[in-house]
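Me: Please take me through this structure in questions and answers. Keep to what can be read from the model.

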Amino acid sequence: MSALAALGRTLADSNDRESWLNVHDKVIGSSTAGKFAKPGSVETYVRQILEPRTFNGNASTESGNRWEPMLLAWAGAEGNSLFIHHPDNKRFAATVDGTRHIGRALAIVETKTKHNKVIAGPTPYEVRQIAWQLHCIPESELVEWVWGELVEKDGEWVLRRDPQTLTFHRDDPKIVAALSLIVPIAHEVLAALDAAPILEGAPF
């Protein structure tokens, strides 16, 4: 049993795509929470949830999916497909890419591929994503953010250099600031969704 499965807070398994999508539409996940950048934009976030746009991926997302297992293996992490909810709120949840133990500490491992880019770390959106993951899984003490910079060579995407890693602990100022921003917004969004008229096809 994986470290996350042992928590007993699994909502769904992304390997069962239909059931995962059904659950995913009823909670705030890390992709949604990552968008919570402005306290005054709650109505916008609610509208985005109630009227979601369909996105089936593109070449970059397909490449990222192919590289994720390799980046996890490079980090020595166990891959994860479970959607785990917060211990006190089943509508706050996250599917992290993987986990690993560093001594006794449980680390979340989040992977990203960057195509034709050289970067030094996560974007503000990505910081909010990993902050949300730490919020939903308080048993984890840190996030290892692992990225691969890909360039095209002979029609294939290859690593420009070895994968890179940054570690974010719970007390990292960026994580603290992100949580102080997104958690109150998330509560406001849920309250607004509960008060909103039920629309045909709406996820809530």
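Me: Over how many bridges do E1 and strand E3 pair?
Reply: In this predicted model, strand E3 covers residues 82–86. The pairing of E1 and E3 is antiparallel, and the number of bridges is 3.

Me: In what order do the 3 strands of the open sheet lie?
Reply: The sheet is open and its pairing is antiparallel. Strand E1 (10–13) and strand E4 (89–94) each have a single partner strand, so both stand at the edges with one side left without a neighbour in the sheet. From one strand to the next, the twist averages 35 degrees. The order is E1-E3-E4.

Me: At about what angle to E1 does helix H1 run?
Reply: Helix H1 is made of residues 17–24 and lies across E1 and E3. Its direction relative to E1 is about 140 degrees.

Me: Which helices do the buried residues of H3 pack against?
Reply: Helix H3 spans residues 42–50, and its buried residues are Val42, Tyr45, Val46, Ile49 and Leu50. They cover an arc of only 130 degrees around the axis, so they sit on the same side of H3. The packing partners of these buried residues are helix H2 (30–33) and helix H6 (173–195).

Me: Is H5 roughly parallel or roughly perpendicular to H6?
Reply: The axes of helix H5 (residues 124–136) and H6 come within 9 Å. Residues of H5 including Trp132 and Leu134 belong to a group that meets H6 residues, among them Leu179 and Ile182. The axes cross at roughly 75 degrees. An angle of 65 to 115 degrees counts as roughly perpendicular, which makes H5, relative to H6, roughly perpendicular.

Me: Does alanine 77 count as buried or exposed?
Reply: Alanine 77 is in the loop between helix H4 (59–75) and strand E2 (78–79). Leaving aside residues up to four places away in sequence, alanine 77 touches Leu72, Thr99, Arg100 and Val109. Its relative accessibility is 17%. The cut-off for burial is under 20%, so alanine 77 counts as buried.

Me: How far apart in space are alanine 77 and glycine 98, C-alpha to C-alpha?
Reply: In sequence, alanine 77 and glycine 98 are 21 residues apart. From C-alpha to C-alpha, their separation in space is 5.9 Å.

Me: How many of the 14 residues of strand E7 are buried?
Reply: Strand E7 (residues 140–153) pairs with strand E6 (residues 105–115) in the parallel sense over 10 bridges. Within this pairing, threonine 111 stands opposite valine 146 in E7. E7 is largely enclosed by the rest of the structure, because the number of its residues that are buried is 10.

Me: What share of the protein chain's residues count as buried?
Reply: The chain's secondary structure comes to 6 helices and 9 strands. Among contacts between residues at least 6 apart in sequence, 71% join residues at least 24 apart. Of the chain's 204 residues, the share that count as buried is 45%.

Technical notes:
Residues are numbered from 1 along each chain as its sequence is written. This is a predicted model: local features need pLDDT of at least 70, side-chain atom pairs count only at pLDDT 80 or more; totals for chains, interfaces and linings use all residues. Side-chain values use heavy atoms; hydrogens and water are left out. Two strands pair if DSSP finds at least two bridges between them. Helices (H or I, at least four residues) and strands (E, at least two) are DSSP runs, numbered from the N terminus. Axes are lines fitted to C-alpha atoms, for helices over the stretch in contact, and angles run from 0 to 180 degrees between N-to-C directions. Contact means heavy atoms within 4.5 Å. Buried means under 20% relative accessible area, exposed over 50%, partly exposed in between (1.4 Å probe, protein chains only). The arc is that of the directions from the helix axis to the C-beta atoms. Angles under 35 degrees count as roughly parallel, over 145 as roughly antiparallel, 65 to 115 as roughly perpendicular and the rest as oblique.
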